[in-house]
Amino acid sequence: MSKKVILGMSGGVDSSVSAYILKTQGYDVEGLFMRNWDSFLNNDFLGNNDIREDICPQEQDFLDAKEVAQQLGIKLHRVDFVKEYWDNVFQYLINEYKVGRTPNPDIFCNKYIKFKSFSDYAFNVLKADYIAMGHYAEAIDGELFRALDDTKDQSYFLAQLSNQQLSKAIFPLANISKNEVRKIASQLKLATASKKDSTGICFIGERRFAKFLENYIPAQPGDIIDIYTNKKVGNHQGAMYYTIGQRKGLNLGGFEKPYFVVGHDIRKKIIYVSNDDHPEYLLSDKMIAKGWNQIAKEFNFQNLTAKFRYRQQDIKCSLKVLEYNQIEVLYDETEAVTPGQQVVIYDGKKVVGAAIIDKIFYKGKEKEFL
């Protein structure tokens, strides 16, 4: 008897082709579409260009998923996790921004929605043997590995999953490239074959981000200070709207060299900036991260690399596991390592684990203004 797999179908090309691949592998495949955001219920008006549209992007995604399911001859279910998403993902995001940290909602969306709420529904209600997602990554015996296509690898976003979650997960796109995915979809004439990849916030979509945050964190105007000269160079609408390393959106004109954000003081409503004459304010060479989630059962301490952001190239590092579920990571000086973001540690293609960046240091001194 075929094993039953419940696939997360988002209305995108990746999950569409994943459904086809699972079918060819002999699984009994059913799709499950998640609705996790309600713009009206969640007061999502500012920064939302789609609020006046006849059909919102999320509903269009459902219609696309439904059409692909019909094309492939599989059943499609639909479920709402609006409350779960708000409680476990979005509230965390807002709380972190309020204190001047920069969270990554995709990571917690995977941990608490796709691989918790979705999984519980798939296993308990739909009686699945496995769940599957259209992520570019690979799970083997409860461990996590990079995908074949390095340019699309999404293991960074999955590194908070547990061994138990990974042991029941299938990633059909682990060993094929994005170009192959598009080619398969085109050959099958799937409804999503030429659909653009989704961007923006996980399950929320494209937003003008600073305006979007104003829905939940009122504007708190303050000063922009050159950290080297300690002189005011401008004004802002809210320090929490800006991230470390940000260069656009500061609206600082008339200066010889452009500024970038190097820190905030949320209590005093200050953004600190610098320019390329003083890159040291953006540099760090050590961090403490908390909530260490180790996935790898064995790994080589001499072969470790780290990613502090999704698109970043790997950086050689050393790792020390500390008490209270914290880690210390040493690395060559790097720009814009940001509290609230995630560090993921790799041993080659294997994901060792991940933690949330808490404190950063440069040449032995903690950067206390971050």
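This is a predicted model: local features need pLDDT of at least 70, side-chain atom pairs count only at pLDDT 80 or more; totals for chains, interfaces and linings use all residues.
## Salt bridges between elements

The whole structure contains 22 salt bridges. One of them joins R78 to E59, with 2.7 Å between the closest N and O atoms. Because R78 lies in strand 3 (residues 75-80) and E59 in helix 2 (residues 57-72), this pair ties together parts that are 19 residues apart in sequence. R78 is partly exposed at 32% relative accessibility, and E59 is partly exposed at 25%.

K290 and D358 form a further salt bridge, their closest N and O atoms being 3.9 Å apart. This pair links distant parts of the chain, with K290 in strand 12 (residues 283-294) and D358 in strand 17 (residues 350-362), 68 residues apart. K290 has a relative accessible area of 38% and is partly exposed.

## Residues 211-274

An unreviewed UniProt entry assigns residues 211-274 to the feature "domain: tRNA-specific 2-thiouridylase MnmA-like central". Over this range the chain is 34% strand and 5% helix, and the end C-alpha atoms are 24 Å apart.

N230, although not a glycine, has a positive phi of about 60 degrees. N230 sits in the loop between strand 8 (222-226) and strand 9 (231-236) and is exposed at 60% relative accessibility. K269, also a residue other than glycine, has a positive phi near 60 degrees. K269 occupies the loop between strand 10 (260-265) and strand 11 (270-274), and is partly exposed with a relative accessible area of 33%.

Conventions
Residues are numbered from 1 along each chain as its sequence is written. Side-chain values use heavy atoms; hydrogens and water are left out. UniProt positions are given in the numbering used here, feature names are shortened, and annotations may be inferred rather than shown by experiment. Helices (H or I, at least four residues) and strands (E, at least two) are DSSP runs, numbered from the N terminus. Buried means under 20% relative accessible area, exposed over 50%, partly exposed in between (1.4 Å probe, protein chains only). A salt bridge is a side-chain nitrogen of Lys or Arg within 4 Å of a carboxyl oxygen of Asp or Glu.
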